[in-house]
Amino acid sequence: MQPSDSEDELDTPDGPGSSHIPPTIYVIKFHPSTAREAIEWLIERIEAKNKYGGAELLVRCEPQKQSQGVTMHVSATKIKLLEVAEAVELQKRAASGLIQEFSVRDLDQFLYSGQTLDTVLTPGEREFCVRHELDSLRAKQEEGHVPGYPGIKLYPGQPLLSVYLEEQLITDLFPLHDRQVLENLASDWYKAIFQGAPLDRIRNYFGESVAMYFSFLGFYTLALTLPAAFGVAQLFLSVDTLTEYALFAAFNLVWVTVLLELWKRRCAGLAYSWGTLQHHQNLQATRPGFKGKMTQHPITGRFEPAYPEWKTRSKLYMVSAPAVGVCVVGALWVMVAAFWAEEQLIDWKRSYGSVAGIFTHVPSAFYACLVWLMNYYYRRLATLLTDWENHRTQEAYEWHRVAKLVVFEFVNNFSSLFYIAFYIQDMDMLCSQVATMLIVTQMINHFQEALLPYVVKRAYNQFAEEVLGHLKQHPLTAHLFEEQVKVVHGAPPEEEGITVLALDPKDPRIVQAKEEGDLDPYLDCYEDYLEMFLQFGYVFLFSSVYPMAAFWAVLNNILELKTDAFKLCRVFRRPRVKKVASIGVWQGAFELLGAVAVMTNCALLCLSPRVRPLAPSASGVEWVLIFVFLEHVILAVKMTLMWVVPGKPQWVRLALEKVAYQAKLALKNERGKEDTPPLVPPVQECARNATFRVTLQGHHSRSSERQLTSPFATQRGVQRLLVAPR
């Protein structure tokens, strides 16, 4: 097995079997039947040097048990993390206050305000770096198949982890929580009732994607306070006039545009502060699940899967789009059938009395169950279709998946309201339905997504422990639970397991990995954004009918901020860090819903029985003209606001221009140096031997000073040698 580059870091007084390694960042669980050769080969690649195609990470295995698969704990040294941070062009704030690429040679610029080697990279950035190195493990030219599995072919440049996961050689792969950091964050987050979300600390631990969602939720809730105040005022100062309803609806429709445009500016500021505003353009790499014929990339020269774009588009337009259309039509048909059945039962109640009235609520209950089932199975169908379409980038994959889901969710959740509003035309019934769906449904969601899984899982664990305790003590079943624990590193040669250092059997990380492995994975923020999307529709699509919707939405979102935080900290596994510069496709979905709200509210005002008496002599055509006029006026105001309000704040534009100007000056200086005859050996030859000294804390067997060769010192055009005097 190839030794790790950081092997000298592990020379501790505890000996070669010690578990004294940095905190575990990732846990990898192999299937119990995975061949030993395949496991050892992957471990070798993870530990090997970069020049041998490895990741240079640290690996420890848990003590093996019979009939259980191997569980690996993956970590990295501080120096390795710094090197990877530079390699992935991580953007961080420097001492100058500007956001710039992290560089090992300029490490002193990032060690400001008490920063040390332990804190210069956040927990989220360390997780991102380790996952990047794991994903970067690629098959080499001479590796034709997975060791021990001649049938699992490998192609040059193929991601190894994707192959192991697809072939189920690896059953689980997840980042492990840093419980001390998590507990400190939780105490200032969901446990602090009257305190807002600490966005920077959320971003430092969970990453930009999660922090962006909580920033949007807080910003959206704050923006709703003004419509909520007007809704409460209208409740106590209600006058049934055209002016009241028209002005309130017009204000809401203009305000939603102001909200979304101000959010764009807020989003740009956050993305710049977090270093993703410029970095997001580099995130267009081929996603791990992309399949195709392995060919050599014309630019990079690396072997990557290639799949014809016309095939993806053909699948999208000829299969996926019709399938989504059929599902939407099916949802509409089920909704109409439920209303028809309810009307029939109401007629039977009038004809046959109270006996038939017992069943009047059966169609509504049955329809609610069908809506839940249709949502569940449609989400699986949308994921399968998007996987089958085979999009190359993660951004394209998520866009098409979310687009399918949003279309169906919109129809499935709002079709009944549109039916009541424009077919039955019962405004009182519509108002009652909106209030019910907004208040009751979201309260159920709070219990279902956060409290219910936590309570059920704790009750199940307690019950399982009691049952297992009785079975282990019973003389007839005690022998079934006897396990022979074997420390892999210290086993005899003929029984030796995986040849890698083992964790101590009492290491608390073993129990932690088992506990977190039993939790459900948190894949992305889709469910959370979807809740806000549906609430956004209830508030603005029918604001002229139910002005109090914004008030109830504000109360709901205050609770949502805490329940979502609790869910992330206690109910789900630690999510992967995702670098994002915005809320992605959801921005367009909210803007589209805002445009639809203009049409629905104008139409509702023209159909309202409170408004019609104001112009009793107006014909149907004249009311349509009034509707078109109001709609165009409000849409013109919305478009004007979108054009006038810049997408980026002035300070962000100035900061970007300053960084670009400094880069231009540095490039000019570098070109001037190239034109001057060198008085010293060539730059690249010196840079190859460039070294710097870093202070390592917590190591007692070695000197705290260490030289490190920086392999990235020659990778950029604007460089200066990294030499530390002895």
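Tutor: Buried means under 20% relative accessible area. In this predicted model, Pro 305 has a relative accessible area of 15% and is therefore buried.

Student: Where is Pro 305 found, and which residues is Pro 305 in contact with, leaving aside its neighbours within four places in sequence?

Tutor: Pro 305 belongs to strand β11, residues 303–306. Its contacts, with those neighbours set aside, are Thr 286, Phe 290, Lys 291, Gly 292, Lys 293 and Met 294. Thr 286 is 19 residues away in sequence, and the two C-alpha atoms are 8.4 Å apart.

Student: How should I read a sheet, and in what order do the strands of the open sheet stand?

Tutor: Strands of a sheet pair through backbone hydrogen bonds, in either a parallel or an antiparallel sense. Here, 4 strands form an open sheet in the order β2-β4-β1-β9, with antiparallel pairing. The edges are β2 (58–61) and β9 (170–175); each has a single partner strand, so one side of each has no neighbour in the sheet. From one strand to the next, the twist averages 20°. As a detail of the pairing, β2 and β4 (residues 71–75) are joined over 4 bridges, and Leu 58 has Ser 75 in β4 as its bridge partner.

Student: Which strands does helix α1 lie across?

Tutor: Helix α1 (residues 36–47) lies across β1 (26–30), β2, β4 and β9, and runs at about 150° to β2. Helix α4 (residues 123–135) also packs on the sheet, where it touches β1, β4 and β9, and its direction makes about 35° with that of β1.

Student: How many residues of helix α2 are buried?

Tutor: Of the 10 residues in helix α2 (residues 78–87), 8 are buried. Among them are Ile 79, Leu 82 and the charged residues Lys 80 and Glu 83. After the helix comes Glu 89, which has a positive phi near 60°.

Student: What is a nonpolar core, and which residues touch the most other members of the largest one?

Tutor: In soluble globular proteins, nonpolar side chains tend to be buried together. The largest nonpolar core in this model has 99 residues, and those touching the most other members are Trp 189, Phe 206, Leu 430, Phe 533, Trp 586 and Phe 590. A second, separate core has 52 residues, including Cys 61, Val 130, Leu 134 and Leu 154.

Student: How many aromatic pairs does the structure hold?

Tutor: There are 33 aromatic pairs. One is formed by Trp 189 and Phe 206, a tilted pair at 6.0 Å centre to centre with 55° between the planes. Trp 189 is in the loop between α6 and α7 and Phe 206 is in helix α7, so this pair ties together parts 17 residues apart in sequence. Phe 414 and Tyr 538 form an edge-to-face pair, 5.1 Å centre to centre and 70° between the planes. Phe 414 lies in helix α13 (residues 394–424) and Tyr 538 in helix α16 (residues 526–541), so parts 124 residues apart in sequence are tied together.

Student: Where does the charged end of Arg 573 sit?

Tutor: The charged end of Arg 573 sits over the ring of Phe 174, 4.5 Å from its centre. Lys 579 lies over the face of Phe 128, at 5.2 Å from the ring centre.

Note on methods: Residues numbered from 1 in each chain as written. Predicted model: local features only at pLDDT ≥ 70, side-chain atom pairs only at ≥ 80, totals over all residues. Heavy atoms only, no water. Pairing = 2+ DSSP bridges. Helix = DSSP H or I, 4+ residues; strand = E, 2+ residues; numbered from the N terminus. Axes fitted to C-alpha atoms, helices over the stretch in contact; angles between N-to-C directions. Contact = heavy atoms within 4.5 Å. Core = buried A, V, L, I, M, F, W, Y, C linked by side-chain atoms within 4.5 Å. Buried < 20%, exposed > 50% of the residue type's maximum accessible area, 1.4 Å probe, protein only. Phe/Tyr/Trp six-rings, centres within 6.5 Å; stacked < 30°, edge-to-face > 60°. Lys NZ or Arg CZ within 6 Å of the ring centre and 35° of its normal.
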